[in-house]
Amino acid sequence: MGDSEGSGSNSAFLQSFIQGEKGYGAVGAIFLGLLIPVLLSMAFLGKKKIKQRGVQVEVGGEPGFAMRNRRSSELMEVPWEGATTMAALFEQSCKKHAHERFLGSRKFISKEVTTAKDGRKFEKLHFGEYEWKTYGEAFVCASNFASGLVKLGHSAGTPAAIFSESRSEWFLAFQGCFRQNITVVTIYASLGEDALIHSLNETQVSTLICDSKQLKKIAAISSSLESIKHIVYFEDEGITIDSDVSSAMSNWTLSSFAEVEKLGKESPAHPKLPSKSDVSVIMYTSGSTGFPKGVMITHGNIVATAAAVTTLIPKIGRNDAYLAYLPLAHVFELAAEVTMMISGVSIGYGSALTLTDSSNKIKKGTLGDASALKPTLMAAVPAILDRVRDGVLKKVDENGGLAKKLFSVGYKRRMAAIEGSWFGAWGLEKLLWDAIVFKQVRSILGGRIRIILCGGAPLSSDTQRFTNICMGAAVGQGYGLTETFAGAAFSEMDDLSVGRVGPPVPCSYIKLISWDEGGYLITDKPMPRGEVLIGGFSVTLGYFKNEEKTNEVYKVDEKGMRWFYTGDIGQFHPDGCLEIIDRKKDIVKLQHGEYISLGKVEAALLSCNYVESVMVHADPFHSYCVALIVPSRQALENWAQGAGIEYSDFPDLCQKKETVTEVQQSLSKTAKASRLDKFEVPAKIKLLPDPWTPESGLVTAALKLKREQLKAKFKEDLLKLYG
Ligand SMILES: Nc1ncnc2c1ncn2[C@@H]1O[C@H](COP(=O)(O)OP(=O)(O)OP(=O)(O)O)[C@@H](O)[C@H]1O
């Protein structure tokens, strides 16, 4: 009774308010207009249940806090019965999708060299449409290639190496090798001479498969290569083989991919198929922590990761097109392409330098790879997405005026919606912003991207949001290592949170163990924290010819499960998702006992407008850190112009006292906004004019810092900063 009276009087009150009994009608309507959504969203938030994505699980081995994917109580090993090896998976997938498009390459039309105002020369390429091989044709081609290798005389029991940029022949040669159970050594096309010689000799490779661009490099080191007998090269139009190259290789056979394929077609060999425990790949790590290590990956490891990841990409299938441009020698790209293959996706190859219509190597007026393919899926490492974001924001800034205002309002409205607010832009308003602002941004990547797989390094929250809003794509963040054939954690597409890498993939467990020395404990509140261990079918055999290192970081528990100790530090959220918060090797204890996490500080400083690349260095015998910075040329030159600074060239601008002060002040602001501690803000900095590229050996192919190489190259500068 009381209740009904209460509600009756309430409704009477509201009624009178709306009807304007006291003259407040319009104000009342506005008030209600605001109040109702607030009440509704409070009610909604109150009821919102956390979606459980990972489930705690009891496992063997060292005590810790372990999690599995909620989807399957048993770890997943294969995508379907009988597909236990890469060779079986390839054959079955090719049969299943025989008439679908599989591997696509763009037709080369012409090449020209242009000269910039400052005299620098640039190669510009003109490509045509994609030309495709179906799954069925790819199987025939790989089988012929395998027979060709036998006919060529490849010694059974020795590995073959692939040393090339990503392209369809890479994938075909890779699959071909498995039809004769040949282990494949993968090598980055950007690898320097010493590391190349080391990896080829260490693994005693007898057949080296490469793109024709690499032939000169190989000829130059031919006298240091101990085991090579055959070279197979992928032909490229416009590249001919010099006589010096063939004479340096006179002790070896030298054949093109097409010749080997033809050889095999003429004399087919019986397939010699592998078993799941055979080593399929020896993959060298990217080398962010020192000299690359050769990881022995079994057929079972590849199959398990691909099977698990396929279940996590909604509606993946033959209607999808995947843009492949990252190096296949990196585990993340290889795992992604095998996942695509399982699902009958078409894979179109491109390159980082020809990706968009305005890419460096694309001739003006011709289409970049993304415009030609119009992909629905692609992979990226965070550094690439950061660059896309910076590029778009710079362009918006340059345009200024109404376009900039609209972008800013649209972005804020969509951001509010994505972060769960009822007041953000949903429904029709979302469509409107997409049409007037974001459609143009999306067209850079062909306009159809629905999911971007991102992994290999931490992705900043800003960039993840930018990708969601401007690219209209969900970001599937993958966490993994070469040692676990990528498969460790993968975020789900309906999870709109940032900074996390999702629950364990269904083929692996993830366990946190306490790291007392670093102060990360599984008993920590509100979330358990500790070193990340990965156990299950994706965990590889260990390091090639390095038992000591293998025994240090791989352990088998009493139940026979293999665990890999990653050295990464993570924490588990209540929904079972993992967040990577640190890396053991990146943590330095300063003179007064504070711990500084170099990676964390670098990630924060990268959001400073002036910073293109940064390496923070901390000497344990000092109480502060210092930093090497490659500044953003355009940002610095704009500032110099505005501030009336005179300089002869960019290196001169970088060494000016005023420039260093300006960048340092800006860094302090960024550090403050990111809530860094005082000891985390670099006390001194050195500005370096030349960018760090994989070719310079200062960053990995996934664009991660190679600290040891950077420290060696800039030893004098670092000493001076501490002087
Ligand atoms: N999504 C991610 N978020 C945060 N860090 C990641 C993510 N994915 C990978 N990483 C980092 O990358 C590492 C694995 O990289 P990779 O296997 O390429 O070798 P590397 O560690 O860079 O090279 P090396 O072992 O030679 O130093 C992980 O240990 C982790 O530190």
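**Confidence.** I started with pLDDT, the predictor's confidence in each residue, from 0 to 100. This is a predicted model, and I kept its cut-offs in mind: local features need pLDDT of at least 70, side-chain atom pairs count only at pLDDT 80 or more, and totals for chains, interfaces and linings use all residues. Residues are numbered from 1 along each chain as its sequence is written. The protein averages a pLDDT of 90, and 93% of the residues score at least 70. I then looked at residues 1-34, where the pLDDT is below 50. Beyond near neighbours in sequence, that stretch has 10 contacts in the model (a contact means two C-beta atoms, placed from the backbone, within 7 Å). For the model as a whole I noted ipTM 0.96 and pTM 0.87.

**Domains.** I found four entries here, with bounds from an automatic or database domain assignment. They are domain 1 (2-47), domain 2 (56-75 + 377-447 + 449-583), domain 3 (86-274 + 312-349) and domain 4 (590-721). Taken over C-alpha atoms, the centres of domain 2 and domain 3 are 30 Å apart. Where they meet, 20 residues of domain 2 are in contact with 16 residues of domain 3. On the domain 2 side, β14 (377-380), β15 (451-455) and β16 each supply at least two residues. Strands here are DSSP runs (E, at least two residues) and helices likewise (H or I, at least four), numbered from the N terminus. By class, this side of domain 2 has 12 nonpolar, 6 polar and 2 charged residues. For the classes, Ala, Val, Leu, Ile, Met, Phe, Trp, Tyr, Cys and Pro count as nonpolar, Asp, Glu, Lys and Arg as charged, and the others, Gly among them, as polar.

**The ligand.** Which residues come nearest to the ligand? I found 24 residues around the ligand, and T285, S286, S288, T289 and T482 come nearest (near means a C-beta atom, placed from the backbone, within 6 Å). β16 (474-479), β22 (562-572) and β23 (578-583) each give at least two residues to this shell, and the largest share, 3 residues, comes from β16. By class, the shell has 9 nonpolar, 12 polar and 3 charged residues. Domain 2 and domain 4 each contribute at least three residues to the shell.

**The sheet.** I traced 8 strands forming an open sheet with mixed pairing, in the order β4-β3-β13-β12-β14-β15-β16-β17 (two strands pair if DSSP finds at least two bridges between them). β4 (121-134) and β17 (489-490) stand at the edges with a single partner strand each, so one side of each has no neighbour in the sheet. β3 (residues 101-115) pairs with β4 in the antiparallel sense over 12 bridges, and K111 stands opposite L125 in β4.

Most residues other than glycine have a negative phi, and most peptide bonds are trans. I noted that A486, though not a glycine, has a positive phi of about 65 degrees; A486 is in the loop between β16 and β17. The peptide bond from K525 to P526 is cis, with omega near 0 degrees. P526 lies in the loop between β18 (508-513) and β19 (529-536).
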